[in-house]
Amino acid sequence: MRILLFTGKGGVGKTTLAAATAAALAGRGRKTLVVSTDPAHSLGDAFGTSLGAEPSEVDIRRDGAPAGLWAAQVDSRALADRTWHELRGELRKVLAGAGLDVLDAEELTVLPGVDELLALSEVRRLASQGPWDTVVVDCGPTAETLRLLSLPEAVSGYLGRVFGNRRVAASVRQLGAHLDALRELLTDPRVTTVRLVLTPERVVVAEARRTLTSLALRGIAVDGLIANRLMPAPGFWRGSAAKWLRTRRDQQDAVLAELAEAGFGPGELARVEHRASEPVGAEALAELARELYGSRDPLAGNGKPVTPLLSVAADGAGFRLRVALPLNRDSAVDLARVDDDLAITVDGFRRLVALPETLRPCRITGAESDADGLVVSLAGNRGSG
């Protein structure tokens with residue numbers, strides 16, 4: 001099983017590219033499910049058909065042969081109404097039994113982002129129950145996706161802090177195990193990778209760079225970037241609009257060059273030109289996929305091994321801890337010790353990373369950045385960092 005997540009800033013065309021990729025995979029003989037967790041529900045529009053919460057086969061073959069492509073749109077609001085109410089009641093009982101009064105217990109069971117968490121759980125359910133080899137996920141815009149992908153770790157940690165090793169209700173234990181399984185699924189690069197879609201505009205690229213850092217912090221692999229909606233090649237330009245088009249394309253090329261120079265963009269940055277008509281339906285999606293992938297396997301990504309988030313090397317009497325993060329020149333970075341964890345905050349995104357046992361008695365003595373990320377110096381006995 002392979003899971004490929006498409007995300008990007010709203011309006012960059014990620015839904016269309018996810019649909020085209022799924023159609024290309026099915027066309028190569030892979031049984032493929034494409035599922036949308038985006039509340040906008042535009043996946044059906046890309047295929048020119050209506051979709052529901054359960055997978056239905058999509059016809060992308062003119063000869064009437066089986067297409068091997070299924071599609072669905074997750075209704076996270078309905079999932080919350082159906083599933084969360086019962087679990088929330090169980091949590092409230094357990095919290096009250098742990099010594100919290102009723103009002104405190106009620107507050108703690110109002111979980112921000114529960115819709116996104118249930119949507120991700122539904123993707124996992126669908127992936128495990130169907131005949132497909134590949135699941136392509138059309139995620140929501142970047143901010144929602146980052147919240148979605150961080151929830152399993154955040155909620156699992158929350159449950160651990162609240163309940164510790166106490167005996168708790170079976171439903172709460174089941175939730176914790178489920179969240180751990182979700183986290184493992186997301187952080188296994190052999191199974192799950194992200195493809196980040198952007199348009200060649202400075203604001204969009206700036207957000208994409210922050211997204212790369214945030215995903216790296218969470219241990220989630222990015223296997224490629226797609227620059228969508230480039231102005232057509234100069235050879236097609238005629239008439240009075242040619243100067244405007246040339247200026248626009250030059251600006252786009254300059255933005256993408258800056259992205260490459262900064263070391264961002266795992267592997268080759270794929271490029272897709274803007275079309276005069278919206279790519280809707282099987283034929284238009286197939287054409288788009290040919291431009292995007294050519295003869296390459298749409299699942300191949302950049303073909304590079306994923307760098308571990310943390311690596312340690314001895315350095316004199318101390319250690320050097322490398323944190324593999326893509327950083328901007330102006331990134332705001334903060335490091336701190338929280339018990340046996342290293343708290344890493346980059347441009348407002350924060351993650352607690354468990355330190356290897358060897359480093360737990362050490363203190364942070366300095367940090368610097370290079371082309372491969374952060375290098376943290378540690379020495380001596382544990383102290384404040």
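Predicted model: local features only at pLDDT ≥ 70, side-chain atom pairs only at ≥ 80, totals over all residues.
Trainee: How many helices and strands does the protein chain have?
Mentor: There are 10 helices and 15 strands, taken as DSSP runs numbered from the N terminus (helices: H or I, at least four residues; strands: E, at least two).
Trainee: And what percentage of the protein chain is buried?
Mentor: Of its 385 residues, 47% are buried. Buried is under 20% relative accessible area, exposed is over 50%, and partly exposed is in between (1.4 Å probe, protein chains only).
Trainee: Which residues have the most contacts inside the largest nonpolar core?
Mentor: Phe-6, Phe-47 and Leu-198, in a core of 76 residues. Helix α1 (residues 14-27) gives the largest share of this core, nine residues. A nonpolar core here is a set of buried Ala, Val, Leu, Ile, Met, Phe, Trp, Tyr and Cys residues joined through side-chain atoms within 4.5 Å. Another core lies apart from it, with 19 residues, including Leu-321 and Val-376.
Trainee: What is Phe-47 in contact with?
Mentor: Leaving aside neighbours within four places in sequence, Phe-47 is in contact with Ala-19, Val-34, Val-58, Leu-69, Ala-71, Gly-281 and Leu-285. Contact means heavy atoms within 4.5 Å.
Trainee: Switching topic, which helix gives the most to the lining of the largest cavity?
Mentor: That's α6, with four residues. Both α6 (142-163) and α7 (170-186) supply at least two residues each. Among the lining residues are Leu-149, Glu-153, Arg-183 and Arg-218. A cavity is a set of points on a 1 Å grid over the protein atoms alone where a 1.4 Å probe fits but cannot get out, and lining residues have an atom within 4 Å of a point.
Trainee: How much space lies in the largest cavity?
Mentor: About 60 Å³, counting the space filled by probe spheres set on the points, which are joined across faces, edges and corners.
Trainee: Last one: where is Gly-294?
Mentor: Gly-294 sits in the loop between α10 (282-293) and β9 (310-315).
Trainee: Why does Gly-294 count as partly exposed?
Mentor: Because its relative accessible area is 46%.

Technical notes. Residues numbered from 1 in each chain as written. Heavy atoms only, no water. 1 Å grid on protein atoms, 1.4 Å probe; cavity = no way out; pocket = protein on both sides within 12 Å on 5 of 7 lines; lining within 4 Å.
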